[in-house]
Amino acid sequence: MNPRHQRTLVTAALPYANGPIHLGHLAGAYLPADIYCRYQRLAGRDLVFVCGSDEHGVPILLKARKEGVDPQQVVDRYHAMIEKAFAAFGMSFDYYGRTTDPLHRETSQEFFRTLADKDCFVLKTESQLYDPKAGIFLADRFIRGTCPGCAYEEAYGDQCEKCGRSLSPADLLRPRSALSDAVPELRETTHWYLPLGRFQDKLSAWVGDKKDWKPNVLGQVKSWLADGLNDRAVTRDLPWGVPVPADVARKAGVDAEGKVLYVWFDAPIGYISATRRWAEAQGDPELWKDYWCSEDSKLVHFIGKDNIVFHCLIFPAMLMAHGGFVLPDNVPANEFLNLEGDKLSTSRGWAVWLHEYLEDMPADYLRYALATTLPEGRDTDFSWKDYQARVNNELADTLGNLANRTLTFAKRYFEGRVPPLENPSEADRALLAGLDGLPERVGELLETYKMREALSEIMGLAREGNRYFNEQKPWVTRKEDRRTCGNTIHAALQLVASLSVLLDPFIPFSCASLRGMLGFEGLRNSALREDEEARIHWADAGRPLLEEGAVLGKPEILFHKVEDSYVEAQLKKLEATRQDSAEGSGENAGGDDGEEDIPEFAPLIGFEDFQKLDLRVGKILEADRVKKSKKLIRCLVDLGREKRQILAGVAEFLDPEDLIDQQVIVVANLAPRKMLGLESQGMILMAEGPDGRLSPLRADAAPGSVVR
RNA sequence: GGCGGGGUAGCUCAGUUGGUGAGAGCGCAGGAUUCAUAACCCUGAGGUCGACGGUUCAAGUCCGUCCCCCGCUACCA
């Protein structure tokens, strides 16, 4: 820990309150953050750990509308669910807030007002789609319509969830408002933008100093900086969010009606408002400033890699613009966790939900298994088989068994007390000496966000304990040399006690119960910021913690083996969701997000609508890949009367050879469109298989024939 | 195509600023042991460190080219 830092504020990414927490979230941000914080508290550091639910934004509004409820009801539900699951998982937040908290609204508005007063924004007026029926402007995601690519009729204005294709609202066929079904019209609207370019130099200089940031984080950040930063809109026309302060709008000559802060603007301010709430709860409402506004305070953001740009550039720019706040000392972003070799996908159900897991297994098993495979440097894989192996081989066999064999031995042959250490042997002294320095070494690893290595270092100690136990053979010395036997058990108990401290940040529940078995009291509570009763700290794990003659508790099995049946059941459960989603059609052979059911049928159209289409049989004469394009194939198609150049976005699925000489069906009266400098004069119809494969519709008739 | 991150034992992954024989856990094969959750402990087999060039006395580690995987991004009429 840098001596200039007197206190630490740790944040974990605000989970979005439109769904439950899954393994990817835990591995990405929450578990490493919690390990870090528990360690810091054990070490006696002044630390505050905040988090909270991110409850604004379009997806929540849409979900609410879909369910026919108020958005508040949606976030109430998920907020409660997330908070409960986090608590059961052992997340030791000092405060878990939410962005619908009135104090958050106030904090965000103050922040916005300060930036406006300092003239940090620019105003831009542009034409956007407006819902005349609901009387509000519509964000891109608020336009629904039929996807021109796959005919999915619930496509968003920015992207089709069905085929993954990115869209703009103008692309949609039959666009309609997601709120009222009204046909949107263009109107002008004004928004506040944060001109990030103004902060480019300051950000570059600031990031340039960050030698200790992880390579994956620095790489991304520098790449963004090199590209140059653009203006970012910080407000939206939405009925759900933190309202743009009326006074600020008035001053700017803008009607604030229906305008809110863009969710990415208010969300990170949630870290601040949560700290304020925490300070209130401490009975000192100004206390939060010690952590946010004092140069000797260290700010650390734990996030997943998808959040890097916000936490390393945009939020810091906001803080710079505001002034008076500390900037993050580090942003130890993790990579992604895969599941059974495939990437997680909420919409495909390829995930393990925390609240479901906790229904049948202990939090610590998952904490341990995840901690050994955190994606610290690159994407990693979680598999149930690996989970089982970690729990059985390491927690149960190595650690649990060490504790158990030591404790039961002491109970049976030493009246359940800590035997004295008398004339210790070289081996006894070596074992105890081996503890010395370990807290510091592990602490250094944790300070530098190497949770996995720290854990593996500690487990090495458990292995050493087993080795020592074997070599000393107390079951032999018990009969011939009781003093030596007592020394062995004494030293082994001390080692187990130290383990119960060192492992506490990782598996706090088990360590607490282990300490119960050891009759070991007085350790700081790793989940509590202050613990007046506690006299034992992290560093004390380097010395013997148990008194000679102290009474031990009742030994119990600390970790139970995970049965094969459990693993099989979990795999089966996952496999079922994969089956479900594979049955539909769906684009994306790569298996991206996206609901993969068979699309619903589009609304009825009249015959006259159908007649507008001019479908013809065409013969593909030439086909070749458009260079510099991943998706486009250029075709020359004979339509009888004339030959047309048509571009088809199928290069990911088909080779030009698959198309040449094929007789296909062409939309002949589609307006021409230029792509990559080439004009496409029609569209070749394709059928899409369940795995995303495309195959052209063949027609056995002369080129130019009318299709009806 | 552009940008970023990766490609190291059968599997999951470590490998700081280039330097003693390339590691851990699991799995596998032997052995030892019985205090303990059929647990523990020891030994061993197993790797052209993605490919090819280059710099260097010395490269998994630096440079160049290429191949493959992941993420973001651009054209899916």
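**Notebook: sheets, helix pairs and the RNA surface**

I began with helix H8 (residues 263–281), which lies across strand E1 (7–12), E2, E3 and E13 and runs at about 120 degrees to E2. I took helices (H or I, at least four residues) and strands (E, at least two) as DSSP runs, numbered from the N terminus. Angles run from 0 to 180 degrees between N-to-C directions, and axes are lines fitted to C-alpha atoms, for helices over the stretch in contact. Contact means heavy atoms within 4.5 Å.

I note that this is a predicted model, in which local features need pLDDT of at least 70 and side-chain atom pairs count only at pLDDT 80 or more, while totals for chains, interfaces and linings use all residues. Residues are numbered from 1 along each chain as its sequence is written, chains are lettered from A and ligands numbered from 1 in the order in which they are written, and side-chain values use heavy atoms, with hydrogens and water left out.

I read the strand order as E3-E2-E1-E13, an open sheet of 4 strands with parallel pairing. Two strands pair if DSSP finds at least two bridges between them. Strand E3 (95–98) and strand E13 (297–302) are the edges; each has a single partner strand, so one side of each has no neighbour in the sheet. From one strand to the next the twist averages 20 degrees. I then looked up strand E2 (residues 47–53), which pairs with E3 in the parallel sense over 4 bridges. Cys 51 stands opposite Tyr 96 in E3.

I found another open sheet, of 3 strands, in the order E15-E14-E16 with mixed pairing. Its edges are strand E15 (342–343) and E16, each with a single partner strand, so one side of each is left without a neighbour. Strand E14 (residues 337–339) runs parallel to E16, joined by 3 bridges. Leu 339 has Phe 382 as its bridge partner in E16.

**Helix pairs**

I checked helix H2 (residues 58–67) against helix H3 (residues 71–89): the angle is about 105 degrees, with the axes 8 Å apart. That makes the two roughly perpendicular (65 to 115 degrees; under 35 is roughly parallel, over 145 roughly antiparallel, the rest oblique). The contact includes Ile 60, Leu 61 and Ala 64 of H2 and Val 74, Val 75 and Tyr 78 of H3. By class I have 7 nonpolar, no polar and 3 charged residues there. Here Ala, Val, Leu, Ile, Met, Phe, Trp, Tyr, Cys and Pro count as nonpolar, Asp, Glu, Lys and Arg as charged, and the others, Gly among them, as polar.

H16 and helix H18 (residues 482–502) pack at about 170 degrees, axes 10 Å apart, and are therefore roughly antiparallel. Their contact has 11 nonpolar, 4 polar and no charged residues.

**RNA strand B**

By class the surface has 14 nonpolar, 15 polar and 18 charged residues. H13 gives the most, with 12 residues. Of the RNA atoms within 4 Å of the protein, 70% belong to sugar or phosphate, the rest to bases.

For polar contacts I used pairs of N or O atoms within 3.5 Å; within protein, one must be able to donate a hydrogen and the other to accept it, and residues adjacent in sequence count only if both atoms are side-chain atoms. An N or O atom in the side chain of Arg 412 is 2.6 Å from a phosphate oxygen of RNA strand B.

How values were computed
A residue is near a molecule or strand if one of its heavy atoms lies within 4 Å of it.
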